[in-house]
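Student: Could we go through this structure together? I would like to begin with the overall fold and then turn to individual residues.

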Amino acid sequence: MKIKNVLFTLAIGVISTSSFAQDNNTDAHNVSVTIPEVALLDLEASSGTSISLAPTAPTEAGLAADFSTARDNSIWINYSSIVGSTTEPSRNVSVQITSGALPSGVALRVTPSTDAGQGEGTMGAVGTSAITLGTTAQNVVTGIGSAYTGDGVAKGHNLVYKLDKLPGAFGQLDFDQSSTLVISYTLSDN
């Protein structure tokens with residue numbers, strides 16, 4: 001009986017030792033996760049982003065040129081943005097005339113729409129008033145966070161351009177001052 005007890009004790013000891021001897025059954029490694037900074041903007045339209053604005057000339061003597069027809073809503077702002085919560089928490093889109101000069105007696109205005117809802121994230125906000133364009137940059141969309149609008153027409157913010165005659169300035173209108181302007185939009189950090 002003693003031999004059986006010794007053999008049994010010895011067998012339990014071997015089994016216990018072999019179950020604890022496996023010290024290489026786990027391992028670990030590092031995984032680096034990086035979120036890229038993204039700041040992309042473009043303008044989209046069905047048939048190019050060059051537009052022409054002009055009042056309708058009168059067809060009857062004694063009538064004024066009709067500026068109500070000098071408008072365009074074919075251009076859309078698309079953007080993709082990933083911000084940093086501590087370094088760059090939000091972005092804005094600004095607009096300005098970067099080349100050319102408006103003819104005397106007129107103003108060029110742009111009104112952006114709210115985002116069309118085809119993307120995801122923290123979309124920028126727009127004001128309710130038209131922005132009168134000039135050579136100084138003005139914010140047209142503010143508070144953009146990490147977001148994307150979708151790419152193409154009917155995605156992002158629609159831009160409505162309007163050419164207006166300044167009050168009392170009909171005498172300043174001069175067809176020799178017709179010009180081409182470059183309107184620039186910039187996505188920048190706050």
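Tutor: The discussion below moves from the overall fold to the core, the salt bridges and the surface. This is a predicted model, in which local features need pLDDT of at least 70, side-chain atom pairs count only at pLDDT 80 or more, and totals for chains, interfaces and linings use all residues. Residues are numbered from 1 along each chain as its sequence is written, and side-chain values use heavy atoms, with hydrogens and water left out.

Student: What share of the contacts join residues at least 24 apart?

Tutor: Among contacts between residues at least 6 apart in sequence, 82% join residues at least 24 apart. Contact here means heavy atoms within 4.5 Å.

Student: Let us turn to the core. Which residues have the most contacts inside the largest one?

Tutor: The largest nonpolar core has 18 residues, and V93, L133, V140, Y161 and Y185 have the most contacts inside it. The elements that give two or more residues to this core are β2 (71-82), β3, β4 (106-112), β7 (138-144), β9 (157-165) and β10 (182-189). A nonpolar core is a set of buried Ala, Val, Leu, Ile, Met, Phe, Trp, Tyr and Cys residues joined through side-chain atoms within 4.5 Å. In soluble globular proteins, nonpolar side chains tend to be buried together.

Student: Take Y185, then. What is it in contact with?

Tutor: Leaving aside neighbours within four places in sequence, Y185 contacts L41, L43, I77, V93, S94, V95, V110, V140, L159 and Y161.

Student: S94 is on that list. Is S94 buried or exposed?

Tutor: S94 counts as buried because its relative accessibility is 10%. This serine belongs to strand β3. Residues up to four places away in sequence aside, S94 touches A137, Q138, N139, V140, S184, Y185 and T186.

Student: Changing topic: how many salt bridges are there?

Tutor: The count comes to five salt bridges. A salt bridge is a side-chain nitrogen of Lys or Arg within 4 Å of a carboxyl oxygen of Asp or Glu. One of them joins the side chains of E37 and R91, at 2.9 Å from N to O. E37 lies in the loop between α1 (2-20) and β1 (38-44) and R91 in strand β3, so this pair ties together parts that are 54 residues apart in sequence.

Student: Which residue of that pair is buried, and which is exposed?

Tutor: R91 is buried because its relative accessible area is 0%, whereas E37 counts as exposed at 54% relative accessibility.

Student: What else does R91 reach?

Tutor: R91 also forms a salt bridge with E88, the closest N and O atoms being 3.4 Å apart. E37, E88, R91 and D189 are linked in a network of salt bridges.

Student: Where does the salt bridge between D164 and R109 sit?

Tutor: D164 and R109 form a salt bridge with their closest N and O atoms 2.8 Å apart. This pair links distant parts of the chain, with D164 in strand β9 and R109 in strand β4, 55 residues apart. D164 counts as buried at 18% relative accessibility, and R109 as partly exposed at 23%.

Student: Finally, the surface. Which residues form a nonpolar patch?

Tutor: V31, V33 and I35 form one, with about 350 Å² of accessible area together. Patches are made of residues with over 30% relative accessible area and no salt bridge; like charges are joined within 9 Å, nonpolar side chains (Val, Leu, Ile, Met, Phe, Trp, Tyr) within 5 Å. V33 lies in the loop between α1 and β1 and is exposed, with a relative accessible area of 69%.

Terms used: Buried means under 20% relative accessible area, exposed over 50%, partly exposed in between (1.4 Å probe, protein chains only). Helices (H or I, at least four residues) and strands (E, at least two) are DSSP runs, numbered from the N terminus. Accessible areas come from the Shrake-Rupley method with a 1.4 Å probe; for residues, only the protein chains shown count as cover.
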